[in-house]
Structure formats: structure tokens, C-alpha cells
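This report goes through a single protein chain.

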Amino acid sequence: MPPVAPSPILRRRRLGSELRRLRETTGLTGDQVVERVGWASASKLSRLENGRSRPDPQDVRALLDLYRVDVTLRDELLTITGEAGDIRGWLRNYPVMTPQQRGFAELEAGCVEISEYHPLLVPGLLQTAGYARIRIASARDVDEAAGEPDGTEDIETEVGARLARQSLLTRGPDAPRYTAVLEETALGGRAGPADVLREQLAQLYELAMLPNVTLQVLPRDTQASGWYLPPTAFSLYRFTDPQDPETLAIESGFLNTMSTEAKILNRYKVVFEWLCTAALPASETLSWLNQARGQPFEAAPSSASAFGAATPPAQRRRRPGRLTER
């Protein structure tokens with residue numbers, strides 16, 4: 001499978017940051033630029049520099065002329081401009097895509113590394129169709145109960161879109177490096193019926209065997225550094241092009257936010273490192289998943305029995321988990 005091209009939204013952000021840098025280098029204010037290129041509103045420049053609008057190549061050429069950009073950089077930025085506007089071309093990489101899933105797929109495309117943590121769920125890139133179907137259907141139940149039904153796509157189309165994103169992990173030698181910390185409670189009985197969870201455990205085991213995938217289970221009785229508890233799910237993205245800024249996506253209930261601010265990203269990198277240190281190593285996680293997928297499933301394996309009382313990760317002597325039933 002050919003590599004997935006960088007997403008339009010990523011290209012827009014890259015183009016916007018370059019245009020802002022060029023304007024600041026020339027010493028021009030936004031109002032001065034708008035006046036000199038003859039645009040009717042300063043908001044047009046603001047949307048371009050913040051990556052919020054599809055760029056018109058003619059508008060970008062006008063700015064590059066004003067900033068007197070050399071030929072090499074000009075050609076590079078015009079290429080990025082074309083990629084930033086090619087939504088249809090980018091979507092050809094996916095057999096099915098919905099607006100809800102597009103935001104995630106646009107972040108994942110062009111990644112060289114993805115790191116994810118969720119306190120309650122299996123991340124979307126790892127979900128089976130059955131697990132994803134329950135997650136999507138239950139979220140829609142909340143929408144309907146709140147009087148805000150979302151009927152834009154049927155559930156099976158949404159499931160198909162989520163599964164389409166997963167080809168990212170198996171696309172060959174250029175697949176991104178993927179690491180996820182999985183909370184043991186995300187695989188417990190509250191997440192779905194026994195057959196769905198058994199299938200999910202089996203898929204996690206198979207994915208953990210991939211050379212580019214690292215999964216680590218975090219037992220429910222294990223503390224991270226300083227008893228820290230991450231309040232939200234989050235994902236960290238690093239891209240193939242080093243000029244594209246690293247991005248943080250925070251999933252909080254029914255509101256998702258993104259940031260490229262280094263100070264914020266660095267905090268989440270520290271937290272992810274703490275979680276990886278506290279979780280079972282990848283080899284022990286593989287043993288944990290192998291045993292869990294093969295036993296009669298009534299609930300998640302008991303971490304209290306399998307791993308002992310809660311102790312700081314640096315003090316714990318690790319050993320493969322012994323699974324018990326409840």
C-alpha cells in the first residue's frame with residue numbers, strides 16, 4: 001500500500017505558519033498586508049495564517065510576491081497549497097470516511113509516530129468493529145437523550161470509517177511507530193458483552209505482534225509517578241516532515257481540542273512517559289493479552305491477584321500476570 005499523503009488540514013497549518021513567518025520577517029502588520037494585496041477584509045489573512053480555510057493558489061501567490069520569496073521556497077509553498085486544498089484526492093486513501101472520523105484521520109495521516117492514552121476506552125485505531133459499534137451507538141444514545149440527535153451517518157458507515165483509519169498501522173515499512181497505554185479497566189465488563197471483549201482482546205494481541213506497534217497494559221492498582229492521574233484521554237502526533245509541528249489532541253467527553261504549543265505538549269510527553277513506566281512492559285503485556293484472550297471471559301483479569309498490592313512502579317518487581325476470574 002502506498003504511503004498516505006499528509007492531510008489537507010496538516011498542509012494548511014504548515015502553510016499558515018510559513019506565511020505568518022514570512023510576514024513577520026518582512027516587518028509588515030496584517031493590516032498593511034491586506035491593504036497592499038487589495039483584500040477586503042483582514043479576516044482572510046487571519047484564516048490563512050491560522051490554517052482555518054482552504055487556500056486559494058492565487059491568494060498565496062499574491063502574498064509570496066509581496067514577501068519577495070525566492071523560487072525554491074515559492075515552489076515548495078505552492079505545492080503545499082495544492083495539497084492543502086485537495087480534500088477529494090486525500091480521501092481516496094480511505095474507502096469510507098465520515099466528517100466525525102475525518103478529523104482523527106487527518107491528524108494520523110503523514111505521522112511518523114503516534115502515542116495514545118485513554119483512561120476508559122480502547123483507542124479508535126485498535127478497536128474491533130464490535131467494540132467500535134458499541135462506542136458509537138452508546139454515544140448516540142446520549143445525544144438523543146439530550147435532545148441533540150446526530151443522524152448525519154448511520155452507525156455502520158461510522159464503524160466502517162473508524163476501521164478504515166486502522167490501515168495506517170499495517171500499510172507496510174512506512175507505517176508510523178504506534179504506542180498506546182491501555183488501562184486494564186478499559187477491557188472490563190463495563191465496556192461491552194463478553195464476546196465483544198474477547199474479540200477485542202484477541203485483536204489487541206495480534207496488533208501487539210506488529211513490529212511498529214507497542215501496547216502496554218496499565219493494571220488498575222498500579223500508580224504512576226507521584227500518584228498522578230491523567231484527567232483526560234490524549235494523543236501525541238509527530239509527523240514525517242520535521243517542519244510540521246508536533247500536535248496534541250485532547251479528548252474530553254464530548255469536546256476535543258488540539259494544540260501545537262510546545263509548553264503544553266511537553267507536559268503531556270512527561271505524563272505519557274510516566275504512564276509507560278508504570279504500565280506492564282510490552283513483552284509482559286503480550287503475555288497478559290495472550291492469556292486473557294484464551295480464558296472464559298466474565299470480567300477483566302484481576303490485577304490485585306495478578307500483580308499484588310499497589311506500589312510505586314520503581315519498587316515493583318515485574319513478572320507475567322496470573323489471570324483470575326470473577
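## Model and conventions

This is a predicted model, so local features need pLDDT of at least 70, side-chain atom pairs count only at pLDDT 80 or more, and totals for chains, interfaces and linings use all residues. Residues are numbered from 1 along each chain as its sequence is written, and side-chain values use heavy atoms, with hydrogens and water left out.

## The chain as a whole

The protein chain has 13 helices and six strands. These are DSSP runs numbered from the N terminus: helices are H or I with at least four residues, strands are E with at least two. Of its 326 residues, 47% count as buried. Buried means under 20% relative accessible area, exposed means over 50%, and partly exposed lies in between (1.4 Å probe, protein chains only).

Take the contacts in the chain with a separation of 6 or more: residues 24 or more positions apart account for 73% of them. Contact means heavy atoms within 4.5 Å.

## Helices α1 and α4

Two packed helices are described by the angle between their axes and the distance between the axes. Axes here are lines fitted to C-alpha atoms, for helices over the stretch in contact, and angles run from 0 to 180 degrees between N-to-C directions. Helix α1 (residues 8–26) and helix α4 (residues 57–67) cross at roughly 30°, and their axes come within 10 Å. The two are therefore roughly parallel. Angles under 35 degrees count as roughly parallel, over 145 as roughly antiparallel, 65 to 115 as roughly perpendicular, and the rest as oblique.

The crossing of α1 and α4 is left-handed. That term applies if the near helix is turned anticlockwise from the far one by less than a right angle; clockwise gives right-handed. From α1, the contact uses L15, L19, L22, R23 and T26; from α4, it uses V60, L63, L64 and Y67. By class, that contact has seven nonpolar residues, one polar and one charged. Nonpolar covers Ala, Val, Leu, Ile, Met, Phe, Trp, Tyr, Cys and Pro; charged covers Asp, Glu, Lys and Arg; the others, Gly among them, are polar.

## Helices α4 and α5

Helix α4 also packs against α5, at an angle of about 160° with the axes 10 Å apart. That makes α4 roughly antiparallel to α5. Their crossing is right-handed.

On the α4 side, P57, V60, R61, L64 and D65 take part; they meet R74, L77, L78 and T81 of α5. The class count is five nonpolar, one polar and three charged.

R68 sits in the loop between α4 and α5 (71–85). Its phi is near 55°, a positive value in a residue other than glycine. R68 is exposed, at 77% relative accessible area.

## Helices α8 and α9

Helix α8 (residues 129–145) packs against helix α9 (residues 155–165) at about 130°, with axes 9 Å apart. The pair is therefore oblique, and the crossing is right-handed. The α8 residues in contact are A129, A132, R133, R135, I136, A137 and R140, while α9 supplies I155, E156, E158, V159, R162 and L163. Seven of the contact residues are nonpolar, none is polar and six are charged.

How does the length of α8 check out? At 1.5 Å a residue, its 17 residues should span 24 Å, and the end C-alpha atoms are 24 Å apart, which agrees. The expected span is 1.5 Å times one less than the number of residues. Buried residues of α8 are G130, Y131, A132, R135, I136 and R140. Their cover includes α9 and α10 (194–208). Just after α8, G147 has a positive phi of about 75°.

A224 is buried, with a relative accessible area of 7%. Beyond neighbours within four places in sequence, A224 contacts W274 and A278. The C-alpha atoms of A224 and C276 are 8.8 Å apart, across 52 residues of chain.

W227 is exposed, at 61% relative accessibility. Phi of W227 is positive, about 60°, although W227 is not a glycine.
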